[in-house]
Amino acid sequence: MKGLTPSLLALLMLGATTVQANDDPQLAARLQHGEYLARAGDCAACHTGPGGQPFAGGLKMTTPVGAIYSTNITPDKQTGIGEYSLQEFSDALRKGVARDGTRLYPAMPYPSFAKISDGDIRDLYLYFTRQVKPVVQQNKDSDIPWPLSIRWPLALWNLAFREDGAYRPDLTKSLDWNRGAYLVQGLGHCGSCHTPRGIGFQEKALSQSDDAYLSGGTLEGWHAANLRADAVSGLGRWSAEDITRFLKTGHNRRFAAFGSMIDVVQDSTQHLSDADLRAIAGYLQSLPTVNKEKPLELDGGTGKMLLNGNVSQPGAQTYLDNCAACHRSDGQGYRDTFPQLALNPALLSDDPSSLISIILKGSRTPVTVGAPTGLTMPDFGWRLDDEQIAQLATFIRHSWGNDASAVTAAQVQEIRKSSVTKPEHP
């Protein structure tokens, strides 16, 4: 508690309710920093249900053993975290242990949050207990059946898969690199989606010390892209500006956010400082390749074929009828509007889940200060059957220089079954 003013110390130790931010400049700065950290951690995305109050929980999350629901983290004393001490708050974030001793499911990214510094934990606690509006909303029980719902085995899971201790700087690296590593590995918990999972549903790696880290992962019918330097399926062709622009606006000259990354950009990364975005970009660019991929070269043959009316390839006519108006016959799309499909790393991973999901469900671009339009791609699952979507996805993954495996109707059917049913189109 060194360096704290008496009023701030009282607030932390005694939970006093009378100290206001304007009474103590240090408290005001801590609250502002705590809000920034909550943005960096994207807490609202998981802890806000559809149409619900901020941080009141209720968001349904699918796991291999059943659905769980995010919890109320507002400072309501009965249904939220209003009775949590600083230490209990820290234990929940870093160790996955609630105030009553209940083990939290690792859908809560405490293996990443374990790396948050003591000072940042303190400022997050101040923000959530002093500035977030209390909301009375009971937490929902999980849909996980007994005996899988028994939580004590999570203590063993933690011993096997969680690393203790806050982030330790690498003294051989720059301050900016370490800042980027701290944000990516800790608060940003990027590995929760972008790192493959093991047999225990654990992230296979929690830092760059293992090549599996940020090499791509699949959750709920979406494949989070490889963020390493791979030339085909990763960020090998991206500049630092490409990365920072994407995180700030949700798109860049060749790519647009999709799936859960839409919420990440809207709720989190667009609010980060330019310095932090550059630090993240620098850290990601330092990650070496994991796959021996031969760089692909743009091929104009497909565009010429389509312009000449040659639709002999399976999926070509479907592409012209449904996709070419926005993404063009040459697969180049329109800069900062409709993403290019040619050499797009999100389309070229071994796992085609994201491409299938986008065709089935549609997508939209994030609404950000730098890109407020929020363009929408319609869903095509209602008008195209599994075989048509498989042929279309295969056509896209084989055209304009793209070189990825074919997509099968069975793969489409599997993702369609897990998709939320939408109202019938006219």
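The questions and answers below concern a predicted model of one protein chain.

Colleague: How many helices and strands are in the chain?
Modeller: The model is predicted, and its secondary structure is assigned by DSSP. The chain holds 18 helices and six strands.

Colleague: What radius of gyration does the chain have, and what would a compact globule have?
Modeller: The C-alpha trace spans about 75 × 50 × 40 Å along its principal axes. For 426 residues, a compact globule would come out near 22 Å. The chain agrees with that, at 23 Å.

Colleague: What share of the residues in the chain is buried?
Modeller: Buried means under 20% relative accessible area. The accessible surface of the chain is about 20,800 Å², and carbon and sulfur atoms hold 54% of it. Of the 426 residues, the buried share is 50%.

Colleague: What part of the contacts with a separation of 6 or more is made by residues 24 or more positions apart?
Modeller: Contact here means heavy atoms within 4.5 Å. Residues 24 or more positions apart account for 61%.

Colleague: Which residues does the UniProt annotation "domain: Cytochrome c" cover?
Modeller: The annotation comes from an unreviewed entry. In residues 29–132, the end C-alpha atoms lie 15 Å apart, with 42% helix and 8% strand. In residues 175–288, the ends lie 20 Å apart, with 40% helix and 5% strand. The record covers residues 29–132, 175–288 and 310–400.

Colleague: Why is helix α4 largely enclosed by the rest of the structure?
Modeller: Helix α4 runs over residues 86–95. Its buried residues are L86, F89, S90, D91, A92, L93 and R94.

Colleague: Which residue follows α4, and what is its phi?
Modeller: Phi is positive at the residue that follows α4. That residue is G96, with phi near 70 degrees.

Colleague: Is S354 buried or exposed?
Modeller: S354 sits in helix α16, residues 353–361. Its relative accessible area is 2%, and the cut-off for buried is under 20%, so S354 is buried.

Colleague: Which residues is S354 in contact with, leaving aside neighbours within four places in sequence?
Modeller: S354 and T218 are 136 residues apart along the chain, yet their C-alpha atoms are separated by 8.7 Å. The contacts of S354 beyond those neighbours are G221, W222, H223 and F258.

Terms used: Residues are numbered from 1 along each chain as its sequence is written. This is a predicted model: local features need pLDDT of at least 70, side-chain atom pairs count only at pLDDT 80 or more; totals for chains, interfaces and linings use all residues. Side-chain values use heavy atoms; hydrogens and water are left out. Buried means under 20% relative accessible area, exposed over 50%, partly exposed in between (1.4 Å probe, protein chains only). Helices (H or I, at least four residues) and strands (E, at least two) are DSSP runs, numbered from the N terminus. UniProt positions are given in the numbering used here, feature names are shortened, and annotations may be inferred rather than shown by experiment. The radius of gyration is taken over C-alpha atoms; the globule rule is 2.2 Å times the number of residues to the power 0.38. Accessible areas come from the Shrake-Rupley method with a 1.4 Å probe; for residues, only the protein chains shown count as cover.
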